[in-house]
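Please read the following note beside the sequence and the coordinates.

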Amino acid sequence: MKKRILNSLIILAIKATVLASTPSKTFEGQYVGRETLTAYRSVREQTDDTPFNTSTGAHVHAGGVAVSRDLLCLDCRRLHRRCPCPMGGGRLHYGDWLYIDGVGFFEVNDIMGARATKHIDVWVSSLAEEKAFDRRFRGTTADVWRIEAK
């Protein structure tokens, strides 16, 4: 419980720092591309047989996203955790922070099934949240940036 509270405080601090240091939508980071957006919940119909765990083994949380396999570093995919390789290469890593235009800030903590490409799946906790997200964003594309910690 304490770890979740601490993680939530860290997430809020990062968001506040990025927002405070970035006028409008201008910030330092690497442009990932224009990606398709959807939402998912922790139910077996949308995940595997451990719906509350991400592919890294961590517990799902608000602000987490699953990315399609083509967007995630090959070593991260193989290791099921953040790899030690450098940030370059144009691929995302577990633990990277993303800014999705019009949606907000998210942490890469899961991977999607093999069929999806150029896709980001935002984790939500309830059916109501999923429906609200889908009404607004399902199937749309948005500009995505990897936010680099300074």
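1. This is a predicted model, in which local features need pLDDT of at least 70 and side-chain atom pairs count only at pLDDT 80 or more, while totals for chains, interfaces and linings use all residues. Residues are numbered from 1 along each chain as its sequence is written, and side-chain values use heavy atoms, with hydrogens and water left out.

2. A search of the whole structure for disulfides, meaning pairs of cysteine sulfur atoms within 2.5 Å, returns 0. Cysteine 76 is accordingly in no disulfide, and the nearest cysteine sulfur, that of cysteine 83, lies 3.8 Å away.

3. Cysteine 76 is buried at a relative accessible area of 0%, where buried means under 20%, exposed over 50% and partly exposed in between, for a 1.4 Å probe and protein chains only. Cysteine 83 is likewise buried, at 5% relative accessibility.

4. Rings of Phe, Tyr and Trp (its six-membered ring) pair if their centres lie within 6.5 Å, and planes under 30 degrees apart count as stacked, over 60 as edge-to-face and the rest as tilted; the count by this rule is 4 aromatic pairs. One of them, tyrosine 31 with tryptophan 145, is edge-to-face, at 5.5 Å centre to centre and 65° between the planes.

5. Tyrosine 31 is partly exposed, with a relative accessible area of 42%. Tyrosine 99 and phenylalanine 105 form a tilted pair, with 4.9 Å between centres and 50° between planes; tyrosine 99 is buried at 11% relative accessibility, and phenylalanine 105 is buried at 11% as well.

6. Ring pairs join Tyr31, Tyr99, Phe105 and Trp145 into a cluster.
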